[in-house]
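I opened my notebook to look up a few things in this structure. Here are my entries, in the order I made them.

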Amino acid sequence: MRPGIFHPAIQNLVRVAGIVFLFVAPAAAADLPKCLFVSSYHQGYAWSDGVERGLRQTLQGKCQIHQYDMDTKRKKSEEEHKAAALEAKALIESWRPDVVITADDNAAKYLIQPYYRDDKLPFVFCGINWTVKEYGFPYKNVTGMIEVAPVKAMLEEARGLVPGAHKMLYIGADTSTEMKNAARIRKAAEDQGLVYEEKLARTLDAWVAAYQAGQDYDFIVMGSNAGIDDWDTQRAVTAIMPLTRRLTVTSHEWMMPVTMLGMTKVPEEQGEWAGSVALQILDGVAPQSIPVIANRKWDLYLNPGLIDSAALTLPPQLLSKGKVYQ
Amino acid sequence: MSAIRIGRRRVVAALLGLLVVVLALGIAIRNDLQLANTAFHELDDEIETTLTRRLDNLNASLRSLSGMHHAMTRLSQQELSAFGQEIGRSHPYVRAILQLRLVDAGERAAYEESFQEAGFPTFAITANGESGDLVPSPARPGYMALSFVEPLDPGLARFLGLDFYSRADLREAIDQAVRSGEISAAPATPIGKGAFLLLKAVYKGFFVPTTESERLAQVHGVYGLVVDVPAFLADIGGGPGLHLSTWNTERPVTLFRQPEAAQPDWVARFLPDQHADIDISLDPTRFRISIDRTLDSRALRPAQWMTVTATFVGLYLAGVLVVFTRLRATEAARDAKEQLFQEKERAQVTLQSIGEAVITTDPTGVVDFLNPAAAQLTGWGADDARGRHLNEIFSLVSEKDGTGLPDPIARALRDHDESEAAALMIRSDGATIAVIENAAAIRDSDGHFTGAALIVRDVSRERNLLREMAFQATHDPLTRLINRRQFERELAAVVDDALNSDSQHALMYIDLDQFKAINDSCGHMAGDQLLKQVASHLGENIRRLDRLARLGGDEFVAFFRDVDGREALARRSATTRST
C-alpha cells in the first residue's frame, strides 16, 4: 500500500480493528471446551497420524485441542512409559480439559487405568487392540473404540488363495502390542484349523530372517514393524524381493511395501469415533451410556510388484477389487 | 319530491356501493382462497410425486440390501457398511440402515459372546419398550437383535443388541415383513422420534422362500431403513399438519405426525381448513399421507384486495355517475315536458277561456290554431280554419276610411314582432266587426321566425257604447235633436266661419205657444209626444246641411248655412208652415 493512499482516520480504524481481532479471536477460541488428546505413540507414526487426522477433523472448531504424545514406541522401558503417563497427568491437572481422548493401549494402561478409574473426568479411548478386559474397561467415565483387525476374513482370504494351506507364520515386532495381536491371530488361525507359528523381531535383520523362514510356510501374516528400531522400508523391500515365494497378508496399511495383500484397518475411523463420542460427552451424555465398540472398516490393498516377483496368480475379481498400493 | 327522490337514490347508491365493496372483497378473497386451494392441491401432487419417488427409492434400496444379503454367502459388517454408506449418501433422508439378526433363545449367550469377542465388550441383547419380554415364546421366532447399524455413531451405537421384537408396536411389522417377504413399516420409536422404519426380512439360502411357512422357518433376520421424517419431507414444502400412516394389516399405524402448526393468527381462524389424503402403495404395504392444515393467512393478499376493490368501486362510481347523469337528464327532460305540457294546458285553457280571439299561423300565414273566441269572431270552426290562409278567414280594413290594411303578420315582422291596430274585420260572410288586433311574431330560441300570433278583440260594443254616449251628450234624448250645448258649439263654429269668410247663415228660433196648456191638460206624455212630432216635422223640412236643435222645453232653434235674408225667410215659412 502506498503511503497516504487512505485517510489517516481510516488507517487508524484498520489498526484498531486488527487489535480488536487479535484479542477477540483467542477469546472466541477460549469459549470452546477443552479436549486433550493423549497419543501413546509419536507423530510420524502412520497409525497414530491417521488417528489424529480423524480426531482433528471431527473436533475441529468444536473444541480446543491440545495434544500430548507419550512416544512409547520409541521409549521402550516401563519407567519411560510411566513417566510419560505422569507428564500427561500433570498436563491434565494444569490444563484441566473437559474430556480426554487417548489413542492406543499404553495411554490406557499407564494413564487411565492407574489414575482415572471412575474419575469425574471423562475419557474416550481408541486404538486399544482387541480387548479392554486387561484394563477393566469400561469404567463409569470411560468409553471408546477397540481396534480390531479383520483377522478372520484375512485368514479366510489367504486360505482361499493358497489351496490346501494349513501352516502359517506371523511376523511382527517384538512388542507387547504385537504379542497381543499375535495371540488374536493365533486363536483365529487355530479356529480355522491352521498350524500357527510366530516370529517377533527386534531388528530388521531378524525381521528379514523371519521373512526368509516364512517361505517354508503356506502363507505369512505380516504384523506391525513398529518397535523395530532400525527399520528401513527400502532396505526391507530390497531384502525380501529375491526371497519372496509365498503369499503375505497384513492388516496394517504401512506394511504394504513389504506385503502382497492388505486387508487394512483405517486409523481415521478410530479418531473419528473418539471425536464423535467426545462431542456427545461434551453435550452432556454420560460416557457409560455409550457402548464400547470395535472398528469395522478395513480396506483391500495389493502390492503388484511383490505378487509378480513371487509369480503368484491371484483371482481376477481380487485383482480388480484391490487398491494398488503406491 | 325531487329532493326526496335524489336522497333515496343516494341511499340506494350508497347501499349498492357497499354491496360492490363487499362483492369485490368477496371476489378478491375468494380468488386468494382458490389460489391457495390450488396451490395446496398442487402441493398435494408434488408431495405425492416426491414421496412416491422417495418411497420407491427406499423400496429399491431395501430390496437391494436384501438381494445382496441373499446373493452372498457371507456378508461382513464391512461390506454392509460400504453398501449402507452409499444408501445414506444417495438418500439423505435415510438416517440409518439396520440389521436385526434373528437369535434363537439357545444361541443368545454365544451370540453375545461373539460380539464381545469382536470388540463389543458390553454387547448384550436387551429389551426395550412396552413388553420388555426377553423370553422367546412359541409365538415368536426368537430375538430380533440389532446387530448392525450404519452409520455407526455414538447415538445409534447404544441401540446395538436391542431386541426389536420386545416392542409390541414393532412386533407386528416384523411379523408382517417375515411372513410376507415384502416391505412393512413401523414407527422408529426405539431409535428416535421423527422417524419411521421400513423393514424387509431376509432368509437363509439364496432366494426368498415362496411359502409363508417356509419363510417363517427360514428367516435369518430383518433389514431396516430408519427414515428421517424432516429430511424425508424436505424440499416438498410439507410443513406442519402432515400425518403418515401405514397399513401393514387392516389396522392403520401412525408412523409420524408432524407437530401442529403454531397457533394460527386471528385471520387464519376464519379461513377454511384444508385436508387431503394421499395414498401410496408399496405393495402390500399401503401408506397414507394426510395433510390437515389451516390455510396460511400469508396466502391472503390484502393489497390485492384493495386493488380489486378500488377497481370495482371506481367502475361502480363511474357507472353511478353515468346513470345519475342520464337520470338527471331524463328527469329534467321529463320535468320540462311536464312543465311544457302544463304550460300548454294552461295556455290552452287560457286561450279557450279568454274573450280575445287568438289565431296562430305559420310564417306563411297559414292558420294552425284558433281559439273558440276566434272561431266565434271569424265564424270559422277551428278545424275548418286550420290549414287555410289567414286572408281566407277574414280581412282587415281601416276603421276610418275602409281602406285595406296590410297583412298583420308582415306588420308584426316589420314592427319588431308586435304591433297593435284598430280595424274593421270583414268576415268571409261579409259581416263587419270593429276590432283591435295585435300581431306578434313567434320566434324559436335561435331567433328564427316560426310564425305569428294574432290577437283580435271585438270592440264593436265599445264602439257602439261610445257612439251612444257621444250622442247622448250632444242630443236631446226626447226629440233626438242636438241639444243646446251642441247647438251652441256648432253655432260658435258657424259664427267663426262667417266671421272669417264671406258667407252668410241664418238662425231661426221656434217657441211652441200654449204648450203648457197641453202639458197641463193632456199630460206630459202627450206633451212629449207633441214635442217629438214637432221635432220630426221640423227635421223633415230642413236641408241636410242645416242644423235643428232643441234648446229646452218647447224651444227649438235651427240655423241654415249659406243663406241670405230672403232665402232665410223662405226657409222659415217652409219650416213653420209644415208644422
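I started with a pair of facing residues: B:Leu507 stands opposite B:Phe559 in S18(B). Before going on, I noted that this is a predicted model, where local features need pLDDT of at least 70, side-chain atom pairs count only at pLDDT 80 or more, and totals for chains, interfaces and linings use all residues. Residues are numbered from 1 along each chain as its sequence is written, while chains are lettered from A and ligands numbered from 1 in the order in which they are written.

Strand S16 (residues 506–511) of chain B is joined to S18(B) by six bridges, and the two run antiparallel. Helices (H or I, at least four residues) and strands (E, at least two) are DSSP runs, numbered from the N terminus. For strands to pair, DSSP must find at least two bridges between them.

I then looked at strand S17 (residues 547–552) of chain B, which has five bridges to S18(B), also antiparallel. Here B:Arg550 stands opposite B:Phe556 in S18(B). S17(B) and S18(B) form a hairpin with two residues between them, and B:Gly553 in the turn has a positive phi of about 55°.

Is S18(B) enclosed or open? Strand S18 (residues 555–560) of chain B has five of its six residues buried, so it is largely enclosed by the rest of the structure. Buried means 20 or more other C-beta atoms within 10 Å of a residue's own, exposed means 12 or fewer, and partly exposed is in between, with C-beta atoms placed from the backbone.

**B:Ala124**

I found B:Ala124 in the loop between helix H3 (108–117) and strand S2 (143–150) of chain B. B:Ala124 counts as partly exposed because it has 17 C-beta neighbours inside 10 Å. Leaving aside residues up to four places away in sequence, B:Ala124 touches B:Glu112 and B:Gly161; contact means C-beta atoms, placed from the backbone, within 7 Å. B:Arg108 is 16 residues from B:Ala124 in sequence, and their C-alpha atoms are 8.8 Å apart.

**Where the chains meet**

I read off 15 residues from chain B and 20 residues from chain A in the contact. Helix H2 (77–90) and helix H4 (154–157) of chain B are the elements that give two or more residues to the side of chain B that touches chain A. H2(B) gives the largest share of that side, three residues.

Technical notes:
Contact = placed C-beta atoms within 7 Å.
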